[in-house]
2 protein chains.
Amino acid sequence: MNVDKPCGPFTFRAKTVLTGDAAQAVFSPGEVTVADRLITYVGPPRQGAAGRVIDLPAGMVLPAFINAHQHAAMALFRGYADDVRLMPWLRQHIWPLEEHLSSDDVYTGTLLACAEMIRSGTAAFLDMYMFPQAVVRAAEEAGMRIGVSWPFVGTLETAAPRFEHLAAGIAQWADSRLTQVWLGPHAPYTCSEDLLRRVGEYAGDRDLGIHVHLAESREEVEDMRGERGLSPIAYAREVGILGPRTVVAHAAVLEPADIAIMAASGASVAHCPVSNLKLGNGVAPVRQLLDAGVNVALGSDGAASTNTLDLFVEMRLAAWLQKSAAGDPASFTAGDALGLATIGGARALGLATGVLAAGRPADLVATQGWAAHLQPVHDPVSTLVYATRPDDVRYTVIDGALVLDDGVITTFDEEALLQEAGERARRLVEARM
Amino acid sequence: MNVDKPCGPFTFRAKTVLTGDAAQAVFSPGEVTVADRLITYVGPPRQGAAGRVIDLPAGMVLPAFINAHQHAAMALFRGYADDVRLMPWLRQHIWPLEEHLSSDDVYTGTLLACAEMIRSGTAAFLDMYMFPQAVVRAAEEAGMRIGVSWPFVGTLETAAPRFEHLAAGIAQWADSRLTQVWLGPHAPYTCSEDLLRRVGEYAGDRDLGIHVHLAESREEVEDMRGERGLSPIAYAREVGILGPRTVVAHAAVLEPADIAIMAASGASVAHCPVSNLKLGNGVAPVRQLLDAGVNVALGSDGAASTNTLDLFVEMRLAAWLQKSAAGDPASFTAGDALGLATIGGARALGLATGVLAAGRPADLVATQGWAAHLQPVHDPVSTLVYATRPDDVRYTVIDGALVLDDGVITTFDEEALLQEAGERARRLVEARM
């Protein structure tokens, strides 16, 4: 299937259509028609839909998810070194493996992540990893939308050649419908101040996005306060990397002043609840961020630490953790959690997706719904957020293309990919021994 | 399929066999043979296995899970009133529905829960709900092991007829291989002291299990301290319901003295991480309980609050929460989490399952394993706990019977059940209007 070709019209008829729009409109039953990459109809079922009709009498159609923080290629390291503290994990396990990574490994690892994302209803992701061209090659093959973040670490001097490399990437994908080039300064503790300032200017001059790790752990916050007397968020504002096109990954350890800075800046947070919990970094104040007007999206972080790229689990966990932090089950709803994974992600990445409405780009998901763990349905949003799993997703549409069609990935050979990923992972582990 | 008949021999050959035994032995590849309800072989693959051979070249075989705290029939209320505080939830939503429940509703709701449990690798569960005979009828039809807890609330006087009813149940299932009768005093705040004392004596005289909610919320603990100057755990010891055959559901709000009392009593905890988090009740000190020698199992609580009966999610969340509470990802491992769902559950219910070893009752699970979210496999226990989902389970064996066979439930008509459950749920919601 060639996803660059406009796709003939097709129509989903489902038990429920969740539009995810401002009014949270639900059609039950409902119909969604896609033609020429766009949603052309959302509403009650009509007579005589054009083209193929996909009937899901117990199913649900909703906006596809957006994963706003990822290191996709690390899918090759899934479960390689779990239950280890951060510094030994990096120094003794992950960095020695990464020394042996080739661009083809990154391509294969990213495509493996794309397979998992497509199967779990994710249409778009914001990535940060080495060999960004290989990352895009995989996303293009998979037919996914991507924000590819050119990684930056070190000083302005050591990183200078990276800007030339970045300029080539910007030129290469300037006209792409699915690929956006971002700047990915890793973090204030791995980038010098002059490098961060240059990243901020470069992105501002060209209206590019900035994707950065900030306030992930208590140690990071304490170190920054000790060195500069500022929180990581305040420092990011100071050096000019915090603006409406910035996505802050994690933001797990914030003070009230940080929330005010985030709100004033217009930056988005990519909340990564599984990663933060599993690494012992606590719970981001998502309720308070939303109440202050900050846009919050969901991210999975890389599979080397999180193990899966499953935004269903991230949604549920986000809701549970906010309820628990407030000691109040009414403080954060299923609808709030769904918003993080859909419209929150779309806003973070500057996409017009995340909502089902005529005229919007056609990124959507359809579930089958007839299963013991999903029945009965008293409230479709509860069913979706608290009970639905990746395997319930039968169709994923990206830019109007059926990238997952009745449970089959149409854009690449998944069987060959799994073989290839296993062999490359084995070779990498052997190479470091 | 008649699960009361001894089953012909069959053999799993898999990429990995996790025995779950004290040495955490792993065979890769491995083989497990079942005959006449027992495991007859666990080890490396052999030549010429007798009977049917099930080949899973990327799959995993492991002990089946035990769900140690459940209100199974509440599957009918899945998602009925989420994101609501506990007291309005009970008073305005759940109790008014329960007033209309018939024993046939409880049968259907329990069978729906059994379908979900079998599909997610659970072989045994400890239940507490009204119409306990209907609960057992469903478990028997499904072919599941059950501890059925006769529910008790009120005073010794009001509950007196329940003891006669209980005696009939004990007689009825005295010779059952799969059904154990337990006593289920709901909680100290719903049972009078004389009733609890009588429950303790009755169970002690007959060596029966006691299944009780204790220390679930801060309010409960504060109320008990205010009324009696004791924690719920100390009070339970005082009234004689805390012993080696007791399962304490939740134990989310404990002090160090409570942990010492639990350890001295020999009672087990049924840790319910999703329920506790979602209802804002905090995180049970599982690491400290295990370190003190307390047996800890996993429970899902009812689907009306937890939405699913998925012990894969409960395992993962248990590990994440303990890591987070300690601020140390090394403090609780994937193996620790797997132990809660398997051997911890077996000990809590007094079963010889939870381990794969020749001579043990054959309760086991096999996954398929060849999927984008599971590959590559660097560490099979990490893959199982942090990445595997219910849909990866292809075979569930209970008491030697293939209750789930290549993804198909063999003991009842699942399609008819889903229809029936939907109709009953609809009627219940209409009846309360």
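Visitor: What should I know before I start?
Guide: The model is predicted, so local features need pLDDT of at least 70 and side-chain atom pairs count only at pLDDT 80 or more, while totals for chains, interfaces and linings use all residues. Residues are numbered from 1 along each chain as its sequence is written, chains are lettered from A and ligands numbered from 1 in the order in which they are written, and side-chain values use heavy atoms, with hydrogens and water left out.

Visitor: Which domains does the assignment give for chain A?
Guide: Domain bounds come from an automatic or database domain assignment. For chain A, domain 1 covers 10–63 + 353–409. Domain 2 covers 65–349. Their C-alpha centres lie 28 Å apart.

Visitor: How many residues of domain 1 of chain A are in contact with domain 2 of chain A?
Guide: Contact means heavy atoms within 4.5 Å. By that rule, 28 residues of domain 1 of chain A touch 31 residues of domain 2 of chain A.

Visitor: What is the area buried between domain 1 of chain A and domain 2 of chain A?
Guide: The size of an interface is often given as the accessible area lost when the parts come together. Buried area here is the accessible area (1.4 Å probe) that two parts lose on being put together, summed over both. Between these two domains of chain A it is about 2300 Å². Carbon and sulfur atoms give 64% of that. On the side of domain 1 of chain A, A:Val385, A:Tyr386 and A:Pro390 lose the most area to domain 2 of chain A. Together they account for 26% of what that side buries.

Visitor: How many salt bridges cross between the domains?
Guide: Side chains of opposite charge can pair when their charged atoms come close. The rule asks for a side-chain nitrogen of Lys or Arg within 4 Å of a carboxyl oxygen of Asp or Glu. It finds three across the interface of domain 1 of chain A and domain 2 of chain A. A:Asp399 and A:Arg145 also meet in a salt bridge, at 3.5 Å from N to O.

Visitor: How many residue pairs are in polar contact there?
Guide: A polar contact is a pair of N or O atoms within 3.5 Å; within protein, one must be able to donate a hydrogen and the other to accept it, and residues adjacent in sequence count only if both atoms are side-chain atoms. Seven residue pairs qualify across the interface of domain 1 of chain A and domain 2 of chain A, both residues at pLDDT 80 or more.

Visitor: Which elements on the side of domain 1 of chain A give two or more residues?
Guide: Helices (H or I, at least four residues) and strands (E, at least two) are DSSP runs, numbered from the N terminus. Among the contributors are strand 5 (52–63) and helix 14 (380–387) of chain A. Helix 14 of chain A gives the most, with six residues. By class, this side of domain 1 of chain A has 18 nonpolar, six polar and four charged residues. Here Ala, Val, Leu, Ile, Met, Phe, Trp, Tyr, Cys and Pro count as nonpolar, Asp, Glu, Lys and Arg as charged, and the others, Gly among them, as polar.

Visitor: How many salt bridges join chain A and chain B?
Guide: The count is six. A:Asp391 pairs with B:Arg389, the closest N and O atoms being 2.8 Å apart. A:Arg85 pairs with B:Asp328, with closest N and O atoms 2.6 Å apart. A:Arg85 lies in the loop between strand 6 (65–70) and helix 1 (86–98) of chain A, and B:Asp328 in the loop between helix 12 (311–326) and helix 13 (334–349) of chain B, so the pair joins two chains.

Visitor: Where is the cis peptide bond at A:Pro29?
Guide: It runs from A:Ser28 to A:Pro29, with omega near 0 degrees. A:Pro29 is in the loop between strand 2 (26–27) and strand 3 (30–35) of chain A.
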